[in-house]
Amino acid sequence: MALLEVRDLQVEFDTPDGVVRAVRGVSFDVAKGTTLAIVGESGSGKSVATQTITGLTRGARISGSAVFDGAELIGADAATLRRVRGAEIGMIFQDPLSSLHPYYTVGWQIVEMIKAHDRSTSKGAARKRAAHLLSLVGIPRAEFRIDDYPHQFSGGMRQRVMIAMAMALDPALLIADEPTTALDVTVQAQVLGVMRTLQQEFGTAIILITHDLGVVAEMSDEVVVMYAGKVMERAPRRTLFYRHHHPYTEGLLASLPARGEPGERLTPIAGSPPSLLRLPKGCPFAPRCRYAFDKCLVEAPPLATVYQDDDHESACWLSAEESVREGQRVVSDEQEATA
């Protein structure tokens, strides 16, 4: 049994302009000690899906199931969710300044979190634990810096503080929502290294939300590709990079900078994601897909096994037979060249 099992998660918001269908039938599993990466363009529903699991999407209409360590979280009462958040599910957000209170020292904030979930811990023991955590995530002179305020840390150091806070109670699951987006490449590598080290030490499962496929290649065991609130493809990391099936995944990989000649142009995905207020009929990616045909425009494909691999699923009407699919690629390329 997986640590977290999400099944047919649906999340909708009422707005003055209509109903926003932010998450539409998303399902995935996260096993203990593994990393699941959820990737996709902005607005694809990545963050909403994971925030809903922890009860952070107030005012939304929610259905489906999210079973964490045997307990159902969807529909759980506020007290239950407060006990789970922090103690069993840690969270790291993209902007640490929006999560750290500017008026309190980082040590005070970590200590308060520890004591909120474990009232039997003395203030001295909690402070010692906080200093140890700051040292573990690579903050120098942690026993002194524990009394510094968030503005006294660099962006990368603040993100490390957030990781320390998220790991304070040894949670079984860590949700990292684009934790390295605002960091430069060197600091990004350091932060990812810290997360890997902590995962190895504590056996923590990680859900990594990102749009950076380089981070996915480095960190993940399994990848879920989301688009317009739905799962387009799910596969182990290596399979997704070297034997992907869905045209959207193909487009994401093709848009990566290539190690070719200097000045080589990137290959973007044409068009823009659809509005979640007015979703197109059929496959949501069809208006941007180079392989789309009539059926794609009128009927949404189910998420189904491809390449005879039970661990690989794709929501696409194109053939799951690799040789046939290669032929479809050739036809599409020829049609594009003569257009």
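**View 1. Tyrosine 227 and its aromatic partners.** Tyrosine 227 is buried in this predicted model, its relative accessible area being 1%, and tyrosine 248 is likewise counted as buried, at 0% relative accessibility. The two rings form a tilted aromatic pair, with 4.6 Å from centre to centre and 55° between their planes. Because tyrosine 227 belongs to strand β9 whereas tyrosine 248 belongs to helix α10 (residues 247-254), this pair ties together parts of the chain that are 21 residues apart in sequence. Ring pairs join Tyr227, Tyr248 and Phe285 into a cluster.

**View 2. The strand pair β9 and β10 within the open sheet.** Strand β9 (residues 222-227) pairs with strand β10 (residues 230-236) in the antiparallel sense over 6 bridges, and tyrosine 227 stands opposite lysine 230 of β10. Both strands belong to an open sheet of 8 strands with mixed pairing, arranged in the order β6-β7-β8-β3-β9-β10-β12-β11. Its edges are formed by β6 (89-92) and β11 (304-306), each of which pairs on one side only, and neighbouring strands are turned against each other by 25° on average, direction ignored.

**View 3. Helices packed on the sheet.** Helix α1 (residues 46-53) packs on the sheet and touches β3 (35-39), β7 (173-177), β8 (205-210) and β9, its direction making about 145° with that of β8. Helix α6 (residues 155-166) lies across β6 and β7, and runs at about 170° to β6.

**View 4. Leucine 4 in the largest nonpolar core.** The largest nonpolar core has 57 residues, and those with the most contacts inside it are Leu4, Phe28, Leu173 and Ile207. Strand β2 (residues 18-30) supplies the largest share of this core, with 6 residues. Leaving aside residues up to four places away in sequence, leucine 4 touches Phe28, Asp29, Val30, Ile53, Val67, Phe68, Leu173 and Ile207. Another core, of 39 residues, lies apart from the largest one and includes Ile146, Ala164, Val191 and Val215.

View 5. Tyrosine 104 and tryptophan 108 form a stacked aromatic pair, 4.2 Å from centre to centre with 15° between the planes. Tyrosine 104 counts as partly exposed at 35% relative accessibility, as does tryptophan 108 at 37%. Elsewhere, the charged end of arginine 243 sits over the ring of tyrosine 307, 4.6 Å from the ring centre, while the charged end of lysine 295 sits over the ring of tryptophan 317, 3.8 Å from the centre of that ring.

Notes: Residues numbered from 1 in each chain as written. Predicted model: local features only at pLDDT ≥ 70, side-chain atom pairs only at ≥ 80, totals over all residues. Heavy atoms only, no water. Pairing = 2+ DSSP bridges. Helix = DSSP H or I, 4+ residues; strand = E, 2+ residues; numbered from the N terminus. Axes fitted to C-alpha atoms, helices over the stretch in contact; angles between N-to-C directions. Contact = heavy atoms within 4.5 Å. Core = buried A, V, L, I, M, F, W, Y, C linked by side-chain atoms within 4.5 Å. Buried < 20%, exposed > 50% of the residue type's maximum accessible area, 1.4 Å probe, protein only. Phe/Tyr/Trp six-rings, centres within 6.5 Å; stacked < 30°, edge-to-face > 60°. Lys NZ or Arg CZ within 6 Å of the ring centre and 35° of its normal.
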